[in-house]
Amino acid sequence: MPQHRTSSSRPPVLNLALQGGGAHGAFAWGVLERLLDEPDIEIGRISGSSAGALNGAALLSGYAQGGRAAAKERLELLWNKLAEAGSLMTFLLLPLRKPGMGVWDDAMPLVSPYQVNLLGMEPLRNVVEQVVDVSQLNDSASPPLYVNAMNVHNGCAKVFMSPDITVDALLASCCAPLVFQAVEIHGQSYWDGSYAANPQLWPLYQGQPNCDIFLVELTPLQRPETPTTAKNILNRINEIASINGLVSELQTMDRVNRSVRGADIRLHVLSMDEVASQTQIEPSIKRTVSLALFERLRATGRDACEAWLAQHRSKLGSEASVDIVARYLAPYAQPPVSG
């Protein structure tokens, strides 16, 4: 997996930006699986938050062990193990398969994980330890993985990278504040990286400002409905934080493209919101643990990536397939950005 292109004859290299989104991360599983089927597309650097960090860690652990086939096997193992770990709470989680009817889901914003979550992150820790080889992730010979978390004390983004990627760092990136107790690393507490940036983009082009970045976007930029339940209000607050973090990252990236000599950071986006069904993007689905659901999202992701490649593959290595200003900066950045 080369990290950059050395000649025009080399296959295009995609640096991956993998968003978090709970169960929606299984959509990205399908996207990554489809990309791995393409021998003439190389996977480069990966920056991930929450489920995106887990997907990236599983992919790179498998690739280091046995190439593309092993990477796909490790991704499948991750989502099977996540479903298995969640089976302990099947009775409580079953109503979530009918969004809006889950008693636990409705109550979650009102209770603290320090009071009710006695298992903490141990089930997820067990999954990560079975699926991920952190020694490979810290090996300088492997493509870099950047794991995003947020420092609880100062609100700053934290990017864990080699040689500091640990199981705890991956858990910190996944630490939803109302579900899990904060993860402590070297005396600092961390929450889900999606709150700070979903994900950080600068690691994907730092020192390499001529590159392709492929963003698997799980967070809807817009929702037509006004949320009225506590859980959906909280969900949209979280999504808005994620969107604002992404826009800030894209503002910086746009400035680099405009001001740094030779810079050509080409953005490509595959948005779940634009291809998935309304049921699949419903907020409560993110908190559902079901292998059947994961498999459906995986299939949606594979099909979406197939269609994306058919439309945009020829642009890889030469031009962006997304207008950053039109899609993100003009609507969201303050003051408005002119084209």
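Cys 156 is partly exposed, with a relative accessible area of 41%, whereas Cys 305 counts as buried at 0% relative accessibility. In this predicted model, the structure holds zero disulfides.

Strand 3, which spans residues 145-151, is mostly covered, since seven of its seven residues are buried. Leu 145, Val 147, Ala 149 and Asn 151 point one way from the strand, while Tyr 146, Asn 148 and Met 150 point the other way, and the residues of both sets are buried.

Strand 2 (residues 42-49) runs parallel to strand 3 and is joined to it by four bridges; here Ser 47 has Tyr 146 of strand 3 as its bridge partner. Strand 4 (residues 157-160) runs antiparallel to strand 3, again with four bridges, and Val 147 stands opposite Phe 160 of strand 4. The hairpin made by strand 3 and strand 4 has five residues between the strands, and in this hairpin Gly 155 takes a positive phi near 75 degrees. Strand 6 (residues 188-192) is likewise antiparallel to strand 3, joined by three bridges, with Met 150 standing opposite Trp 191 of strand 6.

**Helix 6 and what covers it**

Which residues of helix 6 (residues 122-131) are buried? Leu 124, Val 127, Val 128 and Val 131 are buried there. These residues lie on the same side of helix 6, because they cover an arc of only 95 degrees around the axis. Among the elements that cover the buried residues of helix 6 are helix 2 (51-86) and helix 8 (167-173).

**Salt bridges elsewhere**

| Salt bridge | N to O distance |
|---|---|
| Lys 286 and Glu 239 | 2.8 Å |
| Asp 264 and Arg 266 | 2.9 Å |

The side chains of Lys 286 and Glu 239 meet in a salt bridge that links distant parts of the chain, with Lys 286 in the loop between helix 11 (278-281) and helix 12 (291-312), and Glu 239 in helix 10 (residues 230-259), 47 residues apart. Are Lys 286 and Glu 239 buried or exposed? Both Lys 286 and Glu 239 are buried.

The salt bridge between Asp 264 and Arg 266 joins residues whose accessibility is as follows: Asp 264 is partly exposed, with a relative accessible area of 31%, while Arg 266 is buried, with a relative accessible area of 3%. Apart from such pairs, salt bridges that share partners join Glu 33, Asp 37, Lys 72, Glu 76, Glu 295, Arg 298 and Arg 302 into one network.

Terms used
Residues are numbered from 1 along each chain as its sequence is written. This is a predicted model: local features need pLDDT of at least 70, side-chain atom pairs count only at pLDDT 80 or more; totals for chains, interfaces and linings use all residues. Side-chain values use heavy atoms; hydrogens and water are left out. Buried means under 20% relative accessible area, exposed over 50%, partly exposed in between (1.4 Å probe, protein chains only). Helices (H or I, at least four residues) and strands (E, at least two) are DSSP runs, numbered from the N terminus. Two strands pair if DSSP finds at least two bridges between them. A disulfide is a pair of cysteine sulfur atoms within 2.5 Å. The arc is that of the directions from the helix axis to the C-beta atoms. Contact means heavy atoms within 4.5 Å. A salt bridge is a side-chain nitrogen of Lys or Arg within 4 Å of a carboxyl oxygen of Asp or Glu.
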